[in-house]
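I opened this model to look up its sheet and its helix packing. My notes follow the structure.

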Amino acid sequence: MNQGRLYVFSGPSGAGKGTICSKLVEDGIADLSISMTTRECRPGEIPNQSYYFVSKEKFQETIDENGFLEWAEIYGNRYGTPKAPVLEKLAKGRDVILEIEMQGAMNVKKAYNDAVLIFVLPPNLKVLSDRLRGRGRDTEEQIQLRTKSVIEEIKKIVDYDYYIINGDLDVAVKDVEKLMSGEFKKIDNAAAQKIIKKYEEELQL
Ligand code: ADP
Ligand code: 5GP
């Protein structure tokens, strides 16, 4: 049986990673890895579905047992991808999706060279800030700050294999499906620089 493929989705907060990944799971295209975290469960989140919410001790135990594919500390909380369920699914031929931040994505690529790294972009920064407002999780001050600093994140696109612009959701999901079937062009340096310039120009307007 063929091994499944590992797909890693990153990109600025609000770009739509979670929305796209949920749709891929709903359509039965791939399985989503559930991360373990030491952060508190937010209203609306479902334990063991949104995340495995664990104590700092349990998280440390899992590190000591070499139980993570990768893990990272973000704003004082730890997040990690449990290794066993991912490897089991891949062995059964299922494609697996990780929705993780960029440092974690780089660590996955180091450990699994075959992993496919996908960067999700908003069509422009105005749409990004509108989506963050619509999601209602951040204050206006946080949204302004995030939108200004997002360019530093977008510069990391050079380290990714593919990018998806999430304008219309159905189009973005179809693009991911095309990408998974090998119909997409990989990011090269010229393409990455063009994308960075486009968002930088919007900031200078
Ligand atoms: P991320 O996981 O990248 O932080 P989310 O998936 O939470 O982003 O999306 C941020 C907000 O934007 C959510 O409120 C979501 O419903 C909305 N959203 C995501 N994709 C689209 C889209 N293609 N069109 C319109 N709204 C979208
Ligand atoms: P949040 O607390 O908003 O759910 O997530 C914060 C950040 O952690 C997001 O960028 C999310 O993609 C990332 N994240 C979630 N799970 C993991 C994980 O298992 N590993 C890594 N490295 N990052 C993760």
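I am working from a predicted model, where local features need pLDDT of at least 70, side-chain atom pairs count only at pLDDT 80 or more, and totals for chains, interfaces and linings use all residues. Residues are numbered from 1 along each chain as its sequence is written, chains are lettered from A and ligands numbered from 1 in the order written, and side-chain values use heavy atoms, without hydrogens and water.

**Sheet.** I looked up the strand order. I find an open sheet of five strands, β2-β7-β1-β8-β9, with parallel pairing. Pairing takes at least two DSSP bridges between two strands; helices (H or I, at least four residues) and strands (E, at least two) are DSSP runs numbered from the N terminus. β2 (31-32) and β9 (162-165) are the edges, each pairing on one side only. I then checked β1 (residues 6-10) against β8 (residues 116-121): they are parallel over four bridges. Val 8 has Leu 117 of β8 as its bridge partner.

Helix α4 (residues 102-111) packs on this sheet and touches β1, β7 (96-99) and β8. Contact means heavy atoms within 4.5 Å. The direction of α4 makes about 160° with that of β1. Axes are lines fitted to C-alpha atoms, for helices over the stretch in contact, and angles run from 0 to 180 degrees between N-to-C directions.

**Helix pair.** I looked up α5 (residues 125-135) and α6 (residues 140-154). Their axes come within 10 Å and cross at roughly 140°. α5 meets α6 through residues including Leu 128 and Leu 132, with Ile 143 and Val 150 among those on the α6 side.
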